[in-house]
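Have the structure open and follow along.

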Amino acid sequence: MLFQTTAEHEALRKEIRKFAEAEVKPIAFSLDQNNEFPDEIVKAMGKHGWMGLPYPKEYGGAGLDVTSYAIAVEEFSRVDGGVGVILSAHTSLGTYPIAAFGNEEQK
C-alpha cells in the first residue's frame, strides 16, 4: 500500500513544527526538570485548534482527519514527548469518549 500525505497535511506539519520549535523546544528541558505542566503551551495549542483536530467543526473541533492528528502528535513529540502525550491524551482519552458516546449537550 502506497501512502502519501496531502499538501494540507504537510502545511499543517510545517505550521506545528514551527510552533513546536519556537515555543516548546526552548522550555522542554526545564519542564521535565521542574516537573511542570506547560499551561501556556496547551492554551496556545487550543487557540490554534490543534486540541480538537479530528473532531467535527460543529462541536468545536477542526474537522480534520486522523492523519492530521497523528502528524500533530508526531511533531510535538519531536521536541518534547510530554507535550505530545498531552495532546494525545486530551484528544484520545479525554475527548473521544464524549465524541463517540456523548449526547448532543455533552458534545
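## Two kinked helices

Start with α1, where a kink of about 50° lies at valine 24, shortly before the proline proline 26. Keep in mind that this is a predicted model. Even with that kink, α1 reaches 37 Å from its first C-alpha to its last over 27 residues, close to the 39 Å expected at 1.5 Å a residue.

Now hop to α4, which covers residues 81–101. Here a kink of about 50° lies at threonine 95, shortly before the proline proline 97. With 21 residues, α4 spans 29 Å between its first and last C-alpha atoms, close to the 30 Å expected at 1.5 Å a residue.

Proline 97 itself sits in helix α4. Its relative accessible area is 36%, so it counts as partly exposed. Leaving out residues up to four places away in sequence, proline 97 touches Ser92 and Gly102. Lysine 107 is 10 residues from proline 97 in sequence, and the two C-alpha atoms are 9.9 Å apart.

## What's tucked away

Which residues of α1 are buried? They are His9, Leu12, Arg13, Ile16, Phe19, Ala20, Val24, Ala28 and Leu31. Note that Val24, the site of the kink, is on that list. These buried residues pack against α2, α3 and α4.

In α4, the buried set includes Val83, Gly84, Ile86, Leu87 and Thr91. Their cover includes α1 (7–33), α2 (39–47) and α3 (66–79).

## How the helices pair up

| Helix pair | Axis angle | Axis separation |
|---|---|---|
| α1 and α2 | about 165° | 11 Å |
| α1 and α3 | roughly 25° | within 8 Å |
| α3 and α4 | about 155° | 6 Å |

Take α1 and α2 to begin with: they pack at an angle of about 165°. That makes α1 roughly antiparallel to α2, and α1 passes α2 in a left-handed crossing. On the α1 side, Phe19, Glu23, Val24 and Ile27 take part, and they meet Ile41, Ala44 and Met45 of α2.

Next come α1 and α3, whose axes cross at roughly 25°. That makes α1 roughly parallel to α3, with α1 passing α3 in a right-handed crossing. The α1 residues in this contact include His9, Leu12, Ile16, Arg17, Ala20 and Val24, while those from α3 include Thr67, Ile71, Ala72, Glu75, Phe76 and Val79.

Finally, α3 and α4 pack at an angle of about 155°. That makes α3 roughly antiparallel to α4. From α3, Tyr69, Ala72, Val73, Phe76, Ser77 and Val79 meet Gly81, Val83, Gly84, Leu87, Ser88, Thr91 and Ser92 of α4. Phe76 turns up here and also among the α3 residues that meet α1.

Is phenylalanine 19 buried or exposed? At 12% relative accessibility it counts as buried, because the cut-off for buried is under 20%. Phenylalanine 19 is found in helix α1. Not counting residues up to four places away in sequence, it touches Val24, Ile41, Ala44, Met45, His48, Trp50 and Phe76. Proline 56, 37 residues from phenylalanine 19 along the chain, has its C-alpha 23 Å from that of phenylalanine 19.

Arginine 17 is in helix α1 too. At 33% relative accessibility, arginine 17 counts as partly exposed. Setting aside neighbours within four places in sequence, arginine 17 is in contact with Glu75 and Arg78. The C-alpha atoms of arginine 17 and phenylalanine 76 are 7.2 Å apart, though 59 residues separate the two in sequence.

## An asparagine with positive phi

One last stop is the loop between α1 and α2, where you'll find asparagine 35. What is its phi? The value is near 55°, positive in a residue other than glycine. Most residues other than glycine have a negative phi.

Definitions and conventions: Residues numbered from 1 in each chain as written. Predicted model: local features only at pLDDT ≥ 70, side-chain atom pairs only at ≥ 80, totals over all residues. Heavy atoms only, no water. Helix = DSSP H or I, 4+ residues; strand = E, 2+ residues; numbered from the N terminus. Expected span 1.5 Å × (residues − 1). Bend = angle between axes of the 7 residues up to and from the residue. Buried < 20%, exposed > 50% of the residue type's maximum accessible area, 1.4 Å probe, protein only. Contact = heavy atoms within 4.5 Å. Axes fitted to C-alpha atoms, helices over the stretch in contact; angles between N-to-C directions. Parallel < 35°, antiparallel > 145°, perpendicular 65-115°, else oblique. Left-handed = near helix turned anticlockwise from the far one by under 90°.
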